[in-house]
Amino acid sequence: MSKNISNLSGRIGLKNNLFQKMSERSLNSKNDQGMKELADEYRMGVSTIHGAESFYEFLRPAHREKKAFVCNGSACMCAGTQEPLKKKLKEKLGDDKVGEMFCLGYCYENNAFHYDGKNFAGKDINKIDQIIKGQDIEQDKFYSKSFSSTSFLMDDKISDLDQFKEHLQKYINFDKQEIIKSLLESNLTGRGGAGFPTGMKWDFCSKAKSKKKYVVCNADEGDSGAYSDRYLLEDQPLKVIFGMIICGYVIGSDEGVLYIRGEYPKSIESINASINALKKLNLLGEKILGTEFSFDLNICIGQGAYICGEETALIASIEGRRAEVDVRPPFPVTEGLYKKPTVVNNVETLAAATGILLNGSEKFSAIGNKKSAGTKLVCFDSFFNKPGVYEIEMGTPMKKVLYDIGGGFKEDVKALQIGGPLGGVIPIYEVEKLNLDFQEFTAAGFMLGHASIVSIPKDFPMVEYIHHLFEFTAEESCGKCFPGRLGSYRGKEMFDQLKSKTSKIPLKLLNELLVTMKKGCLCALCGAIPTPIMNILKYFGDEMKNDMVQEN
Ligand SMILES: Cc1cc2nc3c(=O)[nH]c(=O)nc-3n(C[C@H](O)[C@H](O)[C@H](O)COP(=O)(O)O)c2cc1C
Ligand code: SF4
């Protein structure tokens with residue numbers, strides 16, 4: 001069934017993308033108007049379109065009736081800004097006009113909210129009257145800096161169109177195998193979480209036999225605490241796009257798409273502007289710079305579903321299907337978007353590929369070790385004295401990362417959640433023993449992931465934090481697999497009951513639930529959430545002992 005939908009959607013393709021059309025239809029009409037016409041155009045049933053639309057938070061009628069949305073990510077929660085902000089917005093807009101959105105990527109200043117297609121944070125709420133009137137206000141920007149001997153992600157080697165043209169001219173006439181060799185030698189691994197070697201991924205896809213292939217940039221950065229992809233999309237768009245074009249050249253693709261989350265309006269704007277500028281100069285499009293190589297780019301805007309970061313769900317979403325995870329194999333490199341060979345890469349991976357080509361693979365591989373090579377963007381939240389996004393060499397001691405680069409903490413912090421909601425919750429004294437290294441984090445029972453840091457202050461109750469994690473999973477689970485769909489709700493219920501003082505947590509049952517989810521889930525959304533929860537039970541069990549009973 002899903003194969004049929006992929007093929008029917010692929011018949012029309014990216015230019016008239018079904019998901020975009022579906023989103024526009026839904027956002028512009030209050031009922032089913034236009035749904036039958038859309039279904040007919042794509043030769044699908046109305047129920048298929050309806051089923052897909054109903055998956056996405058932003059397309060639901062209840063969401064569309066709200067005017068403002070408060071960030072409900074972990075960093076704003078720990079900073080305690082959500083409730084006061086909601087109160088202020090409700091006073092202005094009405095009780096039923098304020099909803100929630102998951103992590104807007106303003107973790108460095110919190111107080112984040114979305115209003116009328118724009119994001120605001122920090123002190124912006126003080127200018128709410130101007131915001132409501134649609135007037136532009138001056139906003140603070142995050143601080144960014146590279147601490148690497150060679151900067152691959154933050155340098156300005158490709159920050160204007162002339163530089164872009166010069167480098168493109170060189171690389172679209174370069175030997176394709178040499179480019180792959182360079183990526184393999186750099187030891188770059190995917191920055192989106194799974195850590196697959198990027199050179200190998202491009203190599204596999206280049207060898208797949210198909211007239212049509214795709215390059216997909218995964219810009220669905222939903223991890224709480226992370227705004228590094230946002231930094232690249234907004235401040236280094238040419239680096240990301242260059243990586244996509246070179247990938248297209250190497251694998252034999254003439255079309256790509258950036259799937260950018262709808263919660264990042266400035267990123268969409270910035271990428272859109274770059275694509276238009278490049279098209280005007282024939283640096284994108286037909287027969288680029290007079291060569292036989294053509295490559296075009298499209299944008300697909302996410303509609304509020306965290307699971308769309310998972311690559312098979314992301315592909316399903318672009319195709320206009322419900323964003324449910326698919327079983328792999330087949331992997332996208334052989335059967336991806338519209339069932340064609342596809343490279344899906346994270347924003348930072350693509351920017352790093354550009355940085356490697358421009359600076360040399362040997363410089364990248366010389367940093368860190370074979371499995372954790374090069375540099376990584378790390379995001380610091382508002383509990384740090386120097387919040388911001390920093391490029392840091394892999395292998396750097398975490399003590400240096402936290403205290404020298406991040407400047408230490410403004411107040412007492414007992415633990416950090418590193419790597420988003422699915423990453424480990426690590427007591428400060430344990431983080432200090434580690435280096436910035438994917439394998440070291442995993443071996444210690446945590447996960448570095450995308451390297452976002454959320455600080456949990458000393459007085460924040462850990463039962464609240466577990467409730468938040470289960471609530472997030474229950475809300476965002478795609479529902480495809482049984483342990484994930486049911487497990488996340490059962491977990492949330494246990495902590496709901498504790499909050500309402502109906503019952504204590506049955507520890508044995510909770511442990512059984514966590515083991516079942518870890519072993520039985522199809523993907524890492526519900527399958528990895530046990531990691532931070534087990535970390536909390538292990539390191540902060542004492543804090544929660546009065547909330548637990550041993551027997552079921
Ligand atoms: C629940 C879940 C969420 C994910 N979210 C993202 C994301 O926001 N961005 C991303 O690039 N990869 C995300 N991934 C990883 C992707 O599935 C995929 O591995 C990645 O995009 C591949 O690119 P890379 O090789 O460059 O890392 C997620 C995976 C899971 C299981
Ligand atoms: S683990 Fe959760 S998100 Fe992943 S497939 Fe199962 S239900 Fe969907």
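Student: With which residues is glutamate 109 in contact, leaving aside its neighbours within four places in sequence?

Tutor: This is a predicted model, in which local features need pLDDT of at least 70 and side-chain atom pairs count only at pLDDT 80 or more, while totals for chains, interfaces and linings use all residues. Residues are numbered from 1 along each chain as its sequence is written, chains are lettered from A and ligands numbered from 1 in the order in which they are written, and side-chain values use heavy atoms, with hydrogens and water left out. Glutamate 109 has its place in the loop between β2 (98-101) and β3 (113-115), where helices (H or I, at least four residues) and strands (E, at least two) are DSSP runs, numbered from the N terminus. Contact means heavy atoms within 4.5 Å, and the residues in contact with glutamate 109 are Ala121, Gly122, Asp140 and Ser382.

Student: Is helix α15 largely enclosed or open, and why?

Tutor: Buried means under 20% relative accessible area, exposed over 50%, and partly exposed in between (1.4 Å probe, protein chains only). What covers the buried residues of α15 includes α2 (18-28), α11 (198-207) and β9 (342-346). Because eight of the eight residues of α15 (residues 311-318) are buried, the helix is largely enclosed by the rest of the structure.

Student: Which residue stands opposite asparagine 345 in β9?

Tutor: Five of the five residues of β9 are buried, so this strand is largely enclosed by the rest of the structure. Two strands pair if DSSP finds at least two bridges between them, and β6 and β9 pair in the parallel sense over five bridges. Opposite asparagine 345 stands cysteine 217.

Student: What kind of peptide bond joins proline 329 and proline 330?

Tutor: Proline 329 lies in the loop between α15 and β9, and proline 330 has its place in that loop between α15 and β9. The bond between arginine 328 and proline 329 is cis, with omega about -5 degrees. Between proline 329 and proline 330, where omega is about 0 degrees, the peptide bond is cis.

Student: Is asparagine 282 buried, partly exposed or exposed?

Tutor: Asparagine 282 lies in the loop between α14 (265-280) and β8. Although not a glycine, asparagine 282 has a positive phi of about 55 degrees. With a relative accessible area of 27%, asparagine 282 is partly exposed.
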